[in-house]
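Biologist: I have a new model on my screen and would like to learn how to read it. Could you walk me through a few features?

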Amino acid sequence: MDQITTRDISSLLDSLKGKEVIYTYIKTVENKNVKNLTQDDFINILDKLGYEEEPKLNIVEYGVNNLYQALIYHVGGKTIVDHYFKKNVETYSISKKVGEGTATRVKAIISHMFKTAMTWNDSEWECIKINPCLSIKSTQSKSKERYLDKTELDRLYNVLETEEYVGTQISYLIRFLLATGARKSEATNAKWSHIDFSRQLWRKPKNDSKTKLTPSVPLSPPAIRVLKEMYEKDKKGYIFKSESNPNKSIGDFRKSFSTLLKKAEIDHCTPHDLRRTYGSILLQTGNSDIFKVSKLLGHKNVSTTQKHYAFLDLESLHDAVGALDGIMR
């Protein structure tokens, strides 16, 4: 560590930006959808690989997409696991480009590493005198301005109201995201026990806790309509359930969302853009100020909201200067 320089870290960060990274995910295991993989299946796989002891991990809790690492952890040999995967596992890949935000987070991790090392009193760490990250300026990431306009929203709702989507989990989830501005993880981890119908409130689970909840936020009439429609069918556990396993949450829905967008003829939209759409509509209607919207979105600081919705201020300023037309020549 004492040989790492500011130039080394700067070169690393520069090499990351714009780099294309391939993420590989498991699709099936022995022709079984990985989402349906149980602990018994995991034990059977370990048996086939020659591991006869009690498993140290529960693959359902550990995460089925971590199956490869879990098997290596138990078996201890990469070669035998690679051979099993080659014969029995089907995967798919997603390509993404590394942006400024990722480089900034990598720098923060390295910086924290050096800060921690400098606090240790052991003699072997006395050589760490400085944090080489301190002289590297972080690039301010540009906030995204994508949100759905009224025409796009109409097309999206028209698709959701077709026979193919009415009453489906993905339809309910998209409508809920639009009506609450919730983060994807907040919605997929939401349970009926978090909803107070009498007061029309939702206590979202904290991202860093399995048990603690955030302060309650009010639910809009469209959100209440979606929830009541779902509540008549199922009142237990997760609100948005996996279609293959009702005891699990809906999980990743990127493919379903992508298909839905294609049918609605909407380009360059992510689930997080639905959250941005919610915030934009609230601000554009004039009934909510930036402070109220910040609270509803769950931002810790109003400056975060101002940063992400600054482009709406520009639109309102255009309207303001338009009032000069007809008065000045």
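This is a predicted model: local features need pLDDT of at least 70, side-chain atom pairs count only at pLDDT 80 or more; totals for chains, interfaces and linings use all residues.

Modeller: Gladly! Residues are numbered from 1 along each chain as its sequence is written, and side-chain values use heavy atoms, with hydrogens and water left out.

Biologist: Why does Cys127 count as partly exposed?

Modeller: Cys127 falls in that class because its relative accessibility is 39%.

Biologist: How many disulfides does a search of the whole structure find?

Modeller: A disulfide is a pair of cysteine sulfur atoms within 2.5 Å; the search finds zero.

Biologist: Is Ser242 buried or exposed?

Modeller: Ser242 counts as buried because its relative accessibility is 11%. Beyond its neighbours within four places in sequence, Ser242 is in contact (heavy atoms within 4.5 Å) with Lys248, Ser249 and Ile250.

Biologist: How do I read empty space?

Modeller: Rolling a probe the size of a water molecule over the atoms shows where such space is left. A cavity is a set of points, on a 1 Å grid over the protein atoms alone, where a 1.4 Å probe fits but cannot get out. Here there is one cavity of 30 Å³ or more.

Biologist: Which residues line the largest cavity?

Modeller: Lining residues have an atom within 4 Å of a point; among them are Lys204, Tyr278 and Leu296.

Terms used
Buried means under 20% relative accessible area, exposed over 50%, partly exposed in between (1.4 Å probe, protein chains only). On a 1 Å grid over the protein atoms alone, a cavity is a set of points where a 1.4 Å probe fits but cannot get out, and a pocket is an open set with protein on both sides within 12 Å along at least five of seven lines; lining residues have an atom within 4 Å of a point. Grid points are joined across faces, edges and corners, and a volume is the space filled by probe spheres set on the points.
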